[in-house]
Amino acid sequence: MVHAGAVHDGAGLLTGNAFVVRRSLGDGAAHWVFTADFPATALDGDDDTVCVAFNSGELVALRTSDGAVRWRQQLEVGGQPAVPLSLTLTEAGRGGC
């Protein structure tokens, strides 16, 4: 199971307090945690890749097995920053988001 979240305190979201985590279905133990400075707006994944969009406009592809970054990029549409609200993997096993 992979999910995203953010930890807030009275001052709001702190640097590094957003995360994506892969957990065991059996006991909920974390296999890996990827930390970020901005909350996730969408994620999708398969056996090889987890794609995560953040509200900063960054799209990050993580290796499902260990959470390592496969690639990352800032999204733009017509030269303007864009924040996706949904994602779909387009090429299973190839890291395509």
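pLDDT is the predictor's confidence in each residue, on a scale from 0 to 100. You'll want that in mind here, as this is a predicted model.

View 1. Confidence is highest in strand 3, with a mean of 96, and lowest in strand 2, with a mean of 85.

View 2. Follow the order 4-5-6-7, and you'll see that the pairing is antiparallel. Strand 4 (40-45) and strand 7 (69-74) sit at the edges with a single partner strand each, so one side of each has no neighbour in the sheet. On average, neighbouring strands of this sheet are turned by 15 degrees against each other, ignoring direction.

**View 3. Strands 5 and 6 run side by side.** Residues 49-54 make up strand 5 and residues 58-63 make up strand 6; the two pair in the antiparallel sense over five bridges. One of the residues to look for is Thr-49, whose bridge partner in strand 6 is Arg-63.

**View 4. Zoom in on Thr-49.** This residue belongs to strand 5. Is Thr-49 buried or exposed? Its relative accessibility is 0%, so Thr-49 counts as buried. Its side chain also makes a polar contact, at 2.3 Å, with the side chain of Arg-70.

**View 5. Glu-58, tucked into strand 6.** Glu-58 is part of strand 6. The cut-off for buried is under 20% relative accessible area, and Glu-58 has 17%, so Glu-58 is buried. Which residues does Glu-58 touch, leaving aside its neighbours within four places in sequence? They are Val-52, Ala-53, Arg-72, Gln-73 and Gln-74.

View 6. Ten residues is the count to check off: Ala-18, Val-20, Trp-32, Phe-34, Ala-36, Val-50, Val-52, Phe-54, Val-60 and Leu-62. Strand 2 (12-23), strand 3 (30-36), strand 5 and strand 6 each give two or more residues to this core. Here's the general idea: in soluble globular proteins, nonpolar side chains tend to be buried together. Now pick out Ala-36, which touches Gly-16, Asn-17, Ala-18 and Phe-54, not counting residues up to four places away in sequence.

Conventions: Residues are numbered from 1 along each chain as its sequence is written. This is a predicted model: local features need pLDDT of at least 70, side-chain atom pairs count only at pLDDT 80 or more; totals for chains, interfaces and linings use all residues. Side-chain values use heavy atoms; hydrogens and water are left out. Two strands pair if DSSP finds at least two bridges between them. Helices (H or I, at least four residues) and strands (E, at least two) are DSSP runs, numbered from the N terminus. Axes are lines fitted to C-alpha atoms, for helices over the stretch in contact, and angles run from 0 to 180 degrees between N-to-C directions. A nonpolar core is a set of buried Ala, Val, Leu, Ile, Met, Phe, Trp, Tyr and Cys residues joined through side-chain atoms within 4.5 Å. Buried means under 20% relative accessible area, exposed over 50%, partly exposed in between (1.4 Å probe, protein chains only). Contact means heavy atoms within 4.5 Å. A polar contact is a pair of N or O atoms within 3.5 Å; within protein, one must be able to donate a hydrogen and the other to accept it, and residues adjacent in sequence count only if both atoms are side-chain atoms.
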